[in-house]
Amino acid sequence: MKSFDKPLVSFCIVTWNTSKYILETLECAKNQTYQNIELIVSDDCSSDNTVELVEKWIKENGDRFNRTEIITVSNNSGAAANRNRAEIAAKGEYLKLLDGDDLVDDTFIEKGVNAFLANPEYSFLYTNTYSYVENEDKSYEENTSAYKSGYLFKELFMVDFWIKTTGWMFKKEVATTTKFNEKMMISEDYLRTLHIAKEYKIFYLDEYLAYYRRHDGNIKKENNKWIKKGLFKYFESQMTAIDFFKDYELYNERRESILNYLVEEAKAYKLSYLLKMYMKYYRLSYLAIYIKELKQKVKGNIKKLTIFKLIRQSLFVRKLKGEK
């Protein structure tokens, strides 16, 4: 094990079927300008050759790191559990989590450590994150107008902005006092951020140092599960997250905003969901909206059917007359 003067940083890469991208992600860990890094790769039972690629790469490049560790499991357990395993294995004073298909700038760790050393009252930091669209080979900047430092629980609870995990870095104490909720498949990062913001002061490092890769795998997943069928699971998961903070003074306001989003999703994608909301929350307003929207839908269908019949009749008459 190498010895360095500066604090040890745990660079934790979590993987699941990322064989197409993992070597590039490993290289971004290797190319960090900061030297005292341990590399931890936690794989969530990949069915491709991700683990084999990681093992081969570490044999060839492992000397660059203070130490290396590969974690594997026999059954897929989900992103939250995979990230938790990586954090538990980390021995560093600071941790950097990164998905196996994302990237960070070569200076990320160095600038992150320097920010912590210069601002010891902070335990968690985040940076700006590019969205890199693979099919376009182009990076897009995110809206950072609301980003700031401080005690940010209110802003994050009300979703004035969303801190992307790709830009996270934090002290070991954060990993010991908070975890990803392994029962949540969506918005587990939102809940984790709320727990962190409740306890710690958050530093905003105003530089674009992270790259969230949007590729066929995650874009298709989003389109199939969310956009095409409605964002029901997305908003339901946010409701689950805020339910951990029912005593917070803005809980009811945030809850109502989520319910309003769910109503709009139901009107756009699945009217029957309003009946589910009526039964769950005992609000006649949801039943009233359902009936109103259903009537409009029926009227619209009748109108379409009437127009269709008129067109068919018109074509039939024209045929009888021998017109083309």
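Predicted model: local features only at pLDDT ≥ 70, side-chain atom pairs only at ≥ 80, totals over all residues.

Residues are numbered from 1 along each chain as its sequence is written, and side-chain values use heavy atoms, leaving out hydrogens and water.

Here are the helix pairs (helices being DSSP runs of H or I, at least four residues), with angles running from 0 to 180 degrees between N-to-C directions and axes fitted to C-alpha atoms over the stretch in contact.

| Pair | Angle | Axis distance |
|---|---|---|
| α1 (22-30) and α2 (50-61) | about 30° | 10 Å |
| α10 (251-269) and α11 (272-281) | roughly 150° | within 9 Å |

So α1 and α2 are roughly parallel (angles under 35 degrees). On the α1 side, the contact (heavy atoms within 4.5 Å) uses Ile22, Leu23, Leu26, Glu27 and Lys30, and α2 brings Thr50, Leu53, Val54, Trp57 and Asn61.

α10, by its angle, is roughly antiparallel (over 145 degrees) to α11. Here Arg255, Leu259, Leu262, Val263 and Ala266 of α10 meet Tyr273, Leu274, Met277 and Tyr281 of α11.

Now the strands (DSSP runs of E, at least two residues): β2 (residues 37-43) and β3 (residues 68-71) run parallel, joined by four bridges, where pairing takes at least two. Ile40 sits opposite Glu69 of β3.

How values were computed
Parallel < 35°, antiparallel > 145°, perpendicular 65-115°, else oblique.
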